Amino acid sequence: IISYIGTCAGDRNLQSVIKAVHIFTNYEPELRNKLEIRILGNLLPIDQHLIENYKIKDIIKFVGRIPSDQLDKYYLESDIFLVIDSPNIENIFFPSKLLDYFLYSKPILGISPKIGITNELLTKSNNTCIENHDVISIYKYFKQAIIDWQSLQNFDKDFYKNFSPECIAKQFNSIINNLL
């Protein structure tokens, strides 16, 4: 179960994921029932159209908006988390769900520009970041998750500790001391 928890808007959408799932179903039909992608948040009409057109509603399941106090169940049921950024040359936004994802210590697949904080943090934590529109690499990740699950387990399960109040205060003090 791969979960995307967040809001899609404009060019931050699910099209690369949907196209990768379509490729997956064509090349790995025997694995079709082993892949489930849950969308918690909203679903853009273009994404809905692609899902229906490719006949993959059994794989990409739209859950809808869930109150934050009820999300824990979905975090715990997920095997992998998905974060998506807009396909710009550089990502200047910090995806708010990324910290939540780190806390649950499960693999994360980022679909994001190579330049930006998402790619930087996923690389540092030994998770996976694939550039937007690279549907072949996304397809290969899905296949790897099913046939070689263990290879996705080499990420830093304690990476969330880098964002603890103590660690942030220490980093802040270090920056201040270097300025003095």
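Start by selecting Glu-77 and Arg-38, whose side chains form a salt bridge with an N to O distance of 2.6 Å. The two residues belong to distant parts of the chain: Glu-77 sits in helix H3 (residues 72–77) and Arg-38 in strand E2, 39 residues apart. Keep in mind that this is a predicted model.

Colour the pair by accessibility. Arg-38 has a relative accessible area of 13%, under the 20% cut-off, and is therefore buried. Glu-77 has 32% relative accessibility, so Glu-77 counts as partly exposed.

The side chain of Glu-36 meets that of Arg-38 in a salt bridge, 2.7 Å from N to O. Glu-36 and Arg-38 are both buried.

Lys-73 is partly exposed, with a relative accessible area of 44%. In the model as a whole, the count of salt bridges comes to nine.

**A lysine without a salt bridge**

Select Lys-106, in the loop between helix H4 (97–103) and strand E6. Which side chain of opposite charge is nearest to Lys-106? It is that of Asp-79, 5.8 Å away. A salt bridge requires a distance within 4 Å, so Lys-106 has none, although Lys-106 is buried.

What does lie 2.7 Å from a polar atom of the Lys-106 side chain? The backbone oxygen of Leu-76 does. Show the residues in contact with Lys-106; among them are Tyr-75, Leu-76, Glu-77, Phe-81, Tyr-101, Asn-127 and Phe-155.

**Helix H1**

Move to helix H1, residues 15–27. Its 13 residues should span 18 Å at 1.5 Å a residue, and the end C-alpha atoms are 18 Å apart, which agrees. Display the buried side chains of H1: Ser-16, Val-17, Ile-18, Ala-20, Val-21, Ile-23, Phe-24 and Thr-25. Among the elements covering them are strand E2 (37–41), helix H2 (45–53), strand E3 (60–64), strand E4 (80–84), strand E6 (108–111) and helix H6 (135–147).

**Helix H6**

Finish with H6, one of the elements that cover H1. H6 has 13 residues and reaches 18 Å from its first C-alpha to its last, close to the 18 Å expected at 1.5 Å a residue. Which residues of H6 are buried? They are Val-135, Ile-138, Tyr-139, Tyr-141, Phe-142 and Ala-145. These residues cover an arc of only 155° around the axis, which puts them on the same side of H6. Turn the view to the other side of H6, where Lys-140 and Ile-147 are exposed. The cover over the buried residues of H6 includes strand E1 (2–6), H1, E2, E4, E6 and strand E8 (128–130).

Note on methods. Residues are numbered from 1 along each chain as its sequence is written. This is a predicted model: local features need pLDDT of at least 70, side-chain atom pairs count only at pLDDT 80 or more; totals for chains, interfaces and linings use all residues. Side-chain values use heavy atoms; hydrogens and water are left out. Helices (H or I, at least four residues) and strands (E, at least two) are DSSP runs, numbered from the N terminus. The expected span of a helix is 1.5 Å times one less than its number of residues. Buried means under 20% relative accessible area, exposed over 50%, partly exposed in between (1.4 Å probe, protein chains only). Contact means heavy atoms within 4.5 Å. Lys and Arg count as positive and Asp and Glu as negative; His and the chain ends are not counted. A polar contact is a pair of N or O atoms within 3.5 Å; within protein, one must be able to donate a hydrogen and the other to accept it, and residues adjacent in sequence count only if both atoms are side-chain atoms. The arc is that of the directions from the helix axis to the C-beta atoms. Lists of a residue's contacts leave out its neighbours within four places in sequence.
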